Amino acid sequence: MTSFTDYSLRTLMYLASLPEGQLSSVKEVSQLYGISQNNMTKVVHKLAQHGYIQTLRGKGGGIRLAMSPDTIRIGTIVTLFEKTMDGVDCLSSGCVLQPACKLKLAIIKAMDNFICTLNEFTLADMVVNKQEISYLLQLETAETE
């Protein structure tokens, strides 16, 4: 997976771990994970374009999940952020085996199975241990106040 995909999953996990109704910001998420604000802006923009994150502008604005974590499939997010899921680029490598090779087909099938397996999990599954995650993310929760 690319770092762009990794950042998208981490951002969603962070937002899913926030107390209900709490907003975050691109700056906050980028600082938390040590990711450039420019890269995080791109991640948030794409997630917002596809309806996973809601962005609120102006004073008191921020970002938050736009849908329930139990409706967000992990494989769908990976597919959205990965540019290619082919696994092997046979055309640009100039491989002499290409006309008879079955490796590409096997890798494509494996990648399909990979996404199918990831789609067995939702964002809610990734934050089922919300207390532990909140502690690691140093989030204020109602239980600790």
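Here is a short chat about the predicted model shown above.

Visitor: Hi! What are we looking at, in terms of helices and strands?
Guide: Welcome! This is a predicted model, and its chain has 8 helices and 2 strands.

Visitor: What pattern do they follow along the sequence?
Guide: Reading along the chain, you get α-α-α-β-β-α-α-α-α-α.

Visitor: What's the radius of gyration, and what would a compact globule have?
Guide: The chain has 18 Å, while a compact globule of 145 residues would have a value near 15 Å. Along the principal axes, the C-alpha atoms fill a box of roughly 65 × 30 × 25 Å.

Visitor: How much of the chain is buried?
Guide: Buried residues account for 32% of the 145 residues.

Visitor: Let's pick a residue. Where is Ser 24 found?
Guide: Ser 24 sits in the loop between helix H1 (3–17) and helix H2 (26–33).

Visitor: Is Ser 24 buried or exposed, and why?
Guide: Ser 24 counts as buried because its relative accessibility is 3%, and the cut-off for buried is under 20%.

Visitor: Which residues does Ser 24 touch?
Guide: Leaving out residues up to four places away in sequence, Ser 24 touches Tyr 14, Leu 15, Leu 18, Val 29, Gly 62 and Ile 63. Its side chain also has a polar contact of 2.9 Å with the side chain of Glu 28.

Visitor: Now the strands. Where is Arg 64 placed?
Guide: Arg 64 lies in strand S2 (residues 62–65). With a relative accessible area of 29%, Arg 64 is partly exposed.

Visitor: Which side chain makes a polar contact with the side chain of Arg 64?
Guide: That would be Gln 54, at 2.7 Å. Gln 54 is also one of the residues that Arg 64 touches, and others include Leu 15, Gln 22 and Tyr 52.

Visitor: One more residue: what about Ala 100, buried or exposed?
Guide: Ala 100 is exposed because its relative accessible area is 61%, and exposed means over 50%. Ala 100 is in the loop between helix H5 (90–93) and helix H6 (103–118). Its C-alpha atom is 26 Å from that of Ile 115, which is 15 residues away along the chain.

Visitor: Last topic, charges. How far apart are the mean positions of the positive and negative ones?
Guide: For the 13 positive and 14 negative charges, the mean positions are 10 Å apart.

Note on methods
Residues are numbered from 1 along each chain as its sequence is written. This is a predicted model: local features need pLDDT of at least 70, side-chain atom pairs count only at pLDDT 80 or more; totals for chains, interfaces and linings use all residues. Side-chain values use heavy atoms; hydrogens and water are left out. Helices (H or I, at least four residues) and strands (E, at least two) are DSSP runs, numbered from the N terminus. The radius of gyration is taken over C-alpha atoms; the globule rule is 2.2 Å times the number of residues to the power 0.38. Buried means under 20% relative accessible area, exposed over 50%, partly exposed in between (1.4 Å probe, protein chains only). Lys and Arg count as positive and Asp and Glu as negative; His and the chain ends are not counted. The place of a charge is taken as NZ of Lys, CZ of Arg, CG of Asp or CD of Glu. A polar contact is a pair of N or O atoms within 3.5 Å; within protein, one must be able to donate a hydrogen and the other to accept it, and residues adjacent in sequence count only if both atoms are side-chain atoms. Contact means heavy atoms within 4.5 Å.
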